[in-house]
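User: I would like to learn how to read single features from a model. Can you take me through some cases?
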Amino acid sequence: MALPPLTRRQLLLASAAASPLLASCAADLTRYQGRPVVEVASELGVCAAAFATLRAGKAQPTEVAGHCGVAPDAVFQAASLTKPAVAYGALRLVLAGQLDLQAPVSQYLPQGYVHYQHALRRAPGDASDTVLASTLARIPVASLLNHTSGLPNWTGGALAPGFEPGQRWRYSGEGYVLLQAVMEAVTGTPIAQWMDAQVFAPLGMRDSCLVWKSAYEGRAMHAYGGASGVTWRQPVAAASLYTTAGDFARLMAAFVSDEKLCALALSAPVVADKDLSLEWGYGWGIERTQAGPLLWQWGNNPGFRNFAMVSPSTRDGFVLLTNSDRGMALAAPLAQRVLPGEHPVFKSPLLG
């Protein structure tokens with residue numbers, strides 16, 4: 001018997017309940033617009049924040065805020081800002097003719113997919129299940145990038161689509177980890193190594209990696225306020241990026257400076273929140289404004305809150321990295337400073 005469709009809020013809350021990596025309580029961060037970032041950080045007790053802006057595609061010097069004495073080159077967990085970085089790599093493979101967005105996942109994983117059931121780690125010996133090729137045949141590669149695969153955000157059990165892929169939007173970390181397996185099959189290289197060689201090094205992102213490096217010791221900001229942070233030893237394409245604000249600004253500049261790649265990211269948007277005029281493209285959320293579309297993504301790992309937004313037309317934008325559960329509020333005044341106008345995304349329950 002078919003179940004009645006869930007409301008937008010029910011879908012968001014159901015996804016959040018399954019994982020500490022996605023918060024979905026109601027929020028309206030627009031109340032912080034128009035205020036200095038440093039003032040908001042002080043009011044909310046944000047430990048450390050680093051933010052870099054883009055002007056006409058050029059990264060500006062990193063700025064900092066907070067009471068913990070953060071350095072401009074501090075390394076943070078990017079959390080879900082990992083997804084646009086991995087999507088950049090995937091879309092480069094598409095443009096090179098190595099990956100077909102319309103192909104079923106089974107074309108690249110004909111033996112099926114081993115799914116590890118612990119969101120915060122991927123290691124031999126963890127509980128796992130195998131998603132059969134017959135199931136992967138129903139899932140287009142494109143649906144992993146725009147969150148229409150039907151897969152949950154995270155699950156501690158067997159992995160399977162909750163609805164027919166392509167039917168509607170539902171945010172999915174599991175989809176990006178499946179994309180990781182596809183990319184590894186296509187390139188024949190572990191994802192962390194491939195991203196280092198093909199994305200981070202060419203873009204000058206010297207302080208970025210999908211796994212922890214000993215070189216980060218002493219520069220990495222740790223989760224503040226009692227949050228049980230995670231040290232990522234295995235790459236997870238949905239959440240494990242370590243980066244600096246300056247490095248991530250370079251990625252954003254590369255994304256919007258590549259006309260073909262940016263056009264591809266925007267080519268087949270799906271509705272994510274009709275009420276707030278939010279859509280999702282290949283790798284980024286899309287906020288529709290009178291001035292044109294804005295690409296955005298938020299990040300939420302335990303003890304870290306991050307946000308990035310950029311205009312493909314003006315190539316202005318910003319990235320915010322914080323190690324505080326209250327850090328997301330700083331994104332709203334930054335958006336007004338860099339991209340003035342109404343930003344309904346800051347009313348999204350995703351950012352709670």
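User: Is D129 buried or exposed?

Analyst: This is a predicted model, so read each value as computed. The idea is to compare relative accessible area with a cut-off: buried means under 20%. D129 has 13%, so it counts as buried.

User: Where does D129 lie?

Analyst: D129 lies in strand 6, which covers residues 128-131.

User: With which side chains does the side chain of D129 make a polar contact?

Analyst: Look for pairs of N or O atoms within 3.5 Å, with one able to donate a hydrogen and the other to accept it. One partner is the side chain of H115, at 2.7 Å. Another is the side chain of Q117, also at 2.7 Å.

User: What else does D129 touch?

Analyst: Set aside residues up to four places away in sequence. D129 then touches Y113, V114, H115, Q117, G157, A158 and L159.

User: L159 is on that list. Where is L159 in the chain?

Analyst: L159 sits in the loop between helix 5 (141-145) and helix 6 (173-187). Its relative accessibility is 7%, so L159 counts as buried.

User: What does L159 touch?

Analyst: Again leave out residues up to four places away. L159 touches Y113, H115, D129, V131, L151, P152 and E174. Y113 and H115 are also among the residues that D129 touches.

User: Next, backbone angles. What is phi of A79 near?

Analyst: Most residues other than glycine have a negative phi. Phi of A79 is near 55°, a positive value in a residue other than glycine. A79 is in the loop between strand 4 (76-77) and helix 3 (82-95). With a relative accessible area of 0%, A79 is buried.

User: And what is phi of S277 near?

Analyst: Phi of S277 is near 60°, a positive value, and the residue is again not glycine. S277 is in the loop between strand 8 (270-273) and strand 9 (278-280). At 36% relative accessibility, S277 counts as partly exposed.

User: Which residues is N306 in contact with?

Analyst: Start with its place: N306 is in strand 12, residues 304-310. N306 is buried, with a relative accessible area of 0%. Beyond neighbours within four places in sequence, its contacts are Q77, A78, A79, L81, Q297, W298, G299, L320, L321, T322 and M328.

User: Now the whole chain. How many helices and strands does the chain have?

Analyst: The chain has ten helices and 13 strands.

User: What share of the residues is buried?

Analyst: Buried residues make up 58% of the 352. Sequence range is a further check. Among contacts between residues at least 6 apart in sequence, 63% join residues at least 24 apart.

Conventions. Residues numbered from 1 in each chain as written. Predicted model: local features only at pLDDT ≥ 70, side-chain atom pairs only at ≥ 80, totals over all residues. Heavy atoms only, no water. Helix = DSSP H or I, 4+ residues; strand = E, 2+ residues; numbered from the N terminus. Buried < 20%, exposed > 50% of the residue type's maximum accessible area, 1.4 Å probe, protein only. Contact = heavy atoms within 4.5 Å.
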